[in-house]
Amino acid sequence: MVDLSVAGLLVALRFLALRGVSKAELRAGTRLLHLCGLLTLALNTAEPLLA
């Protein structure tokens, strides 16, 4: 589910950037993208590290 969030945020942020939305307005979306990326990394590496 987190992987879909990352893909959706990438597409949405790119779309908005191409439409001329300012960087200040994209800041919250960018932060959410970074958080989802970190969560994806944590979920994908947690099981191998525990095994």
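Trainee: Which residues make up the largest nonpolar core?

Mentor: This is a predicted model, in which local features need pLDDT of at least 70 and side-chain atom pairs count only at pLDDT 80 or more, while totals for chains, interfaces and linings use all residues. Residues are numbered from 1 along each chain as its sequence is written, and side-chain values use heavy atoms, with hydrogens and water left out. A nonpolar core is a set of buried Ala, Val, Leu, Ile, Met, Phe, Trp, Tyr and Cys residues joined through side-chain atoms within 4.5 Å; buried means under 20% relative accessible area, exposed over 50% and partly exposed in between (1.4 Å probe, protein chains only). The largest core has six residues in all: Val6, Leu9, Leu13, Leu26, Leu33 and Cys36.

Trainee: Which elements give two or more residues to this core?

Mentor: Elements are DSSP runs numbered from the N terminus, namely helices (H or I, at least four residues) and strands (E, at least two). Those that give two or more residues to the core are α1 and α2.

Trainee: At what angle do the axes of α1 and α2 cross?

Mentor: Axes are lines fitted to C-alpha atoms, for helices over the stretch in contact, and angles run from 0 to 180 degrees between N-to-C directions. The axes of α1 (residues 2-18) and α2 (residues 23-50) come within 9 Å. Their crossing angle is roughly 155°.

Trainee: How are α1 and α2 oriented to each other?

Mentor: Angles under 35 degrees count as roughly parallel, over 145 as roughly antiparallel, 65 to 115 as roughly perpendicular and the rest as oblique. With axes crossing at roughly 155°, α1 and α2 are therefore roughly antiparallel.

Trainee: Which residues outside its sequence neighbourhood does Cys36 contact?

Mentor: Contact means heavy atoms within 4.5 Å. Cys36 is one of the α2 residues that meet α1. With neighbours within four places in sequence left aside, the contacts of Cys36 are Val2, Ser5, Val6 and Leu9.

Trainee: Is Thr40 buried or exposed?

Mentor: Thr40 lies in helix α2 and touches Val2, Asp3 and Val6, not counting residues up to four places away in sequence. Because its relative accessibility is 13%, Thr40 counts as buried.

Trainee: Which residues does Val21 contact, leaving aside its neighbours within four places in sequence?

Mentor: Val21 lies in the loop between α1 and α2. A relative accessible area of 26% makes Val21 partly exposed. The contacts of Val21 are Leu16 and Leu26.

Trainee: How far apart are the C-alpha atoms of Gly20 and Val2?

Mentor: Gly20 also lies in the loop between α1 and α2, and this residue is exposed, with a relative accessible area of 60%. Gly20 and Val2 are 18 residues apart along the chain, and their C-alpha atoms are separated by 27 Å.

Trainee: What is the relative accessible area of His34?

Mentor: His34 is placed in helix α2. From Asp3, His34 is 31 residues apart in sequence and 12 Å apart in space, C-alpha to C-alpha. His34 is exposed, because its relative accessible area is 52%.
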